[in-house]
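Open your viewer and keep the sequence panel within reach. This is a short walk with a few stops, each with something to select.

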Amino acid sequence: MSARVIDGKAAAQAIRAGLQADIAALGRAQGRPPKLAIVTCAPAAAAEAYLRAKLKAAVETGILAQAYPCPADGEAESLRRLIASLSVDETIDGIIVEQPLPPHLMTPGAESLIASAIAPGKDVEGMNPLSYGVFFRCKSASEIQAARVFPPCTVSAMIELLRATLAPVAGREAVVVGRSGILGRPAAHYLSALDATVTLCHSRTADLAAHVRRADILFACVGRAHAIKGDWVKPGAVVIDAGMNRLADAWVGDVEFAAAARRAAFISPVPGGVGPVTTAVVLANTVRAAQR
Ligand SMILES: NC(=O)c1ccc[n+]([C@@H]2O[C@H](COP(=O)([O-])OP(=O)(O)OC[C@H]3O[C@@H](n4cnc5c(N)ncnc54)[C@H](OP(=O)(O)O)[C@@H]3O)[C@@H](O)[C@H]2O)c1
């Protein structure tokens, strides 16, 4: 193996450690630590595990976190009302809605109603269409930093891992595979704001391998185990894999890890790459939201 494996757990730990002084200052200034509200309406055991992990990460970081359960068969309107009440609650700094939502709420209309109820200043996952629109109007990284909204959190996590490599981005060829509104498309936008030259690929891309072979920076946002073959990876590339795919006995990413690691300069593993950093970004955004 020649690639350096980007340690997402260590990166997440560093982000959380870097928040300690700000959390202490906020505690002194407002008499309480920052608080994150986690709205959840998925009863599945897997969702419970994710929720527990988020609550634990928040507590360990010194951030208050509380789950606000909603019935799994509840209507979008009742979820909207709950989120609207959290949005005006002055003791809450950040709001996230656990994904996936139950199937009857996974329509564009319901998702938009729910996401729009999150006050943009508390939208620490970057779900509100207003946050999204402001982010997409930013042309440069400095504009994104200055905007009073948060980019989609998994995208921020991928960018954090890319930055951790110290690899040059401006002028480089970046290829993003996957064009979902929550991940691939905003990732392509962020890379463009960092002055990469970006190609956005998807399931109808002709000759995906040829595009991947050109990528100095490869962002995998597919959700298909090993959809990106290791021998497509350009020697010396930076590979950031957001895919979370369950095989019979393991979680794997979208990229064939071992074969890709023989060619890449840096590669993020699955698990232990983008996932833990995403949680750390949500906590960091909660602190930023409280400071504002
Ligand atoms: N680590 C984290 O914190 C985190 C957070 C969010 C998501 N994820 C993971 O990221 C992955 C993607 O999530 P998502 O919500 O963006 O998924 P999604 O909405 O299903 O989008 C998948 C994208 O991949 C494209 N695609 C599918 N098969 C392809 C193929 N064989 N070749 C090229 N492109 C292909 C699709 O193309 P079309 O547009 O043509 O259909 C689509 O644009 C999932 O594994 C998810 O679990 C991880």
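The tour goes from the ligand to a pocket, then to a cavity and some backbone details.

Before you start, note that this is a predicted model, in which local features need pLDDT of at least 70, side-chain atom pairs count only at pLDDT 80 or more, and totals for chains, interfaces and linings use all residues. Residues are numbered from 1 along each chain as its sequence is written, and side-chain values use heavy atoms, with hydrogens and water left out.

**Stop 1: the ligand**

Now show polar contacts (pairs of N or O atoms within 3.5 Å). In the side chain of Arg179, an N or O atom is 2.7 Å from a ligand oxygen. Met244 uses a polar backbone atom, 3.0 Å from an oxygen of the ligand, while Thr278 brings a polar side-chain atom to 3.2 Å from a ligand oxygen. On its own the ligand has 920 Å² of accessible area (Shrake-Rupley, 1.4 Å probe), and the protein covers 67% of that.

**Stop 2: the second largest pocket**

Next, select Gln145, Phe150, Ser156, Glu160 and Asn285, which lie nearest the centre of the second largest pocket among its 18 lining residues. A pocket is an open set of points on a 1 Å grid over the protein atoms alone, with protein on both sides within 12 Å along at least five of seven lines, and lining residues have an atom within 4 Å of a point. The space in this one is about 380 Å³, a volume being the space filled by probe spheres set on the points.

Show helices H7 (141-146), H8 (153-164) and H12 (274-291): each supplies at least two lining residues, and H12 has the largest share with five. The lining divides into eleven nonpolar, three polar and four charged residues. Why does the pocket lie between domain 1 (30-151) and domain 2 (153-275)? Both domains give residues to its lining; their bounds come from an automatic or database domain assignment.

**Stop 3: a cavity**

Select Asp241, Gly253, Val255, Phe257, Ile267, Ser268, Pro269 and Val270, which line the largest cavity. A cavity is a set of grid points where a 1.4 Å probe fits but cannot get out. Its volume is about 30 Å³.

**Stop 4: the backbone**

Finally, zoom in on Pro100, in the loop between strand S4 (94-97) and helix H5 (108-116). The peptide bond from Gln99 to Pro100 is cis, with omega near -5°. Another cis bond runs from Val270 to Pro271, with omega near 0°.

Methods: Helix = DSSP H or I, 4+ residues; strand = E, 2+ residues; numbered from the N terminus. Nonpolar A, V, L, I, M, F, W, Y, C, P; charged D, E, K, R; others polar. Polar contact = N/O pair within 3.5 Å; in protein donor to acceptor, adjacent residues only side chain to side chain.
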